[in-house]
Amino acid sequence: MELAVEPTRFGFKTDDYEGPDATFSGPVTFANDGDPAVAFEVAGWFGDGGPFDTGIPFIFGVNRGAALDSAVRRWLAPHAVGKMLNVTVPAADKGAPLTVQFRWPDDDAVFRRVVSMCLNK
C-alpha cells in the first residue's frame, strides 16, 4: 500500500524516511471512523506522480502482511462507506506530523474490485 503526497507543500521533511539508509520509519497511523487505529512502519522514496498528479510526489510504502490485510478488510466493510480515513505521518524531527484525510466513496464498487484482488485468500 502506498501513500503518495507532495509533503514539501506542507513543510513536512521527508529526508529521514527516504531510501534504503532511512533513519526513520514512522509508524504511520491509519484511523478509520469507528474502527481501532492501526499503525505500520513505512519506507519512503520519490516516485512518479502518475497520470493524476503533477510533480514528483514522495511515497510512503507499507509492506503487505496479515495486519495490512486485516485493516483493508475493515475498510472494505459496508460500515466504512462514506466515512473518513485519517492518516498521520509523524515528523522525524519532532515537528508537526503530516495528517492526510480521505473520505471513502459512497459507491465503493471500483475500490472494492481492485483492492479485493490484493488480499490474501
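## Salt bridges

Arg103 is partly exposed, with a relative accessible area of 47%; here buried means under 20% relative accessible area, exposed over 50%, and partly exposed in between (1.4 Å probe, protein chains only). The side chain of Arg103 meets that of Asp106 in a salt bridge, at 2.9 Å from N to O, and Asp106 is exposed at 55%. A salt bridge is defined as a side-chain nitrogen of Lys or Arg within 4 Å of a carboxyl oxygen of Asp or Glu. This is a predicted model, in which local features need pLDDT of at least 70 and side-chain atom pairs count only at pLDDT 80 or more, while totals for chains, interfaces and linings use all residues. Residues are numbered from 1 along each chain as its sequence is written, and side-chain values use heavy atoms, with hydrogens and water left out.

The structure holds three salt bridges. Side chains of opposite charge can pair when their charged atoms come close. Arg112 and Asp108 form one of these bridges, with 3.1 Å from N to O; Arg112 is partly exposed at 30% relative accessibility, whereas Asp108 counts as buried at 12%. Asp93 forms a salt bridge with Lys13, the closest N and O atoms being 3.7 Å apart. This pair links distant parts of the chain, since Asp93 lies in the loop between β6 and β7 and Lys13 in the loop between β1 and β2, 80 residues apart. Asp93 is partly exposed at 41% relative accessibility, and Lys13 is exposed at 57%.

The C-alpha atoms of Ala92 and Asp16 are separated by 6.5 Å, although the two residues are 76 residues apart along the chain.

Strand β6 spans residues 84-89; strands (E, at least two residues) and helices (H or I, at least four) are DSSP runs, numbered from the N terminus. In a regular strand the side chains alternate between the two faces of the sheet. In β6, Leu85, Val87 and Val89 make up the covered face, and Met84, Asn86 and Thr88 the uncovered one.

Strand β2 (residues 28-32) runs antiparallel to β6 and is joined to β6 by four bridges; two strands pair if DSSP finds at least two bridges between them. Within this pairing, Thr29 stands opposite Thr88 of β6. Six bridges join β6 to strand β7 (residues 98-103), again in antiparallel fashion, and Thr88 stands opposite Thr99 of β7.

## The three-stranded sheet

An open sheet of three strands has the order β1-β5-β4, with antiparallel pairing. Its edge strands, β1 (2-5) and β4 (43-46), each pair on one side only. Neighbouring strands of this sheet are turned by 20° against each other on average, direction ignored; the axes are lines fitted to C-alpha atoms, for helices over the stretch in contact, and angles run from 0 to 180 degrees between N-to-C directions.

Four bridges join β1 to strand β5 (residues 58-61), and these two strands run antiparallel. Leu3 stands opposite Phe60 of β5.

## Aromatic residues

The structure holds nine aromatic pairs. Rings of Phe, Tyr and Trp (its six-membered ring) pair if their centres lie within 6.5 Å; planes under 30 degrees apart count as stacked, over 60 as edge-to-face and the rest as tilted. Tyr17 and Phe24 form an edge-to-face pair, 5.3 Å centre to centre with 80° between the planes. Tyr17 is buried at 0% relative accessibility, whereas Phe24 is partly exposed at 24%. The ring centres of Phe46 and Phe58 are 5.0 Å apart and their planes stand at 80°, so this pair is edge-to-face. Phe46 belongs to strand β4 and Phe58 to strand β5, so the pair ties together parts that are 12 residues apart in sequence. Phe46 is partly exposed at 42% relative accessibility, while Phe58 is buried at 0%.

Phe12, Tyr17, Phe24, Phe46, Phe58 and Phe60 form one aromatic cluster.

## A nonpolar surface patch

Val110, Val114 and Met117 form a nonpolar patch on the surface, with about 310 Å² of accessible area together. Patches are made of residues with over 30% relative accessible area and no salt bridge, like charges being joined within 9 Å and nonpolar side chains (Val, Leu, Ile, Met, Phe, Trp, Tyr) within 5 Å. Accessible areas come from the Shrake-Rupley method with a 1.4 Å probe; for residues, only the protein chains shown count as cover. Met117 is placed in the segment after α2 (109-116) and is exposed, with a relative accessible area of 63%.
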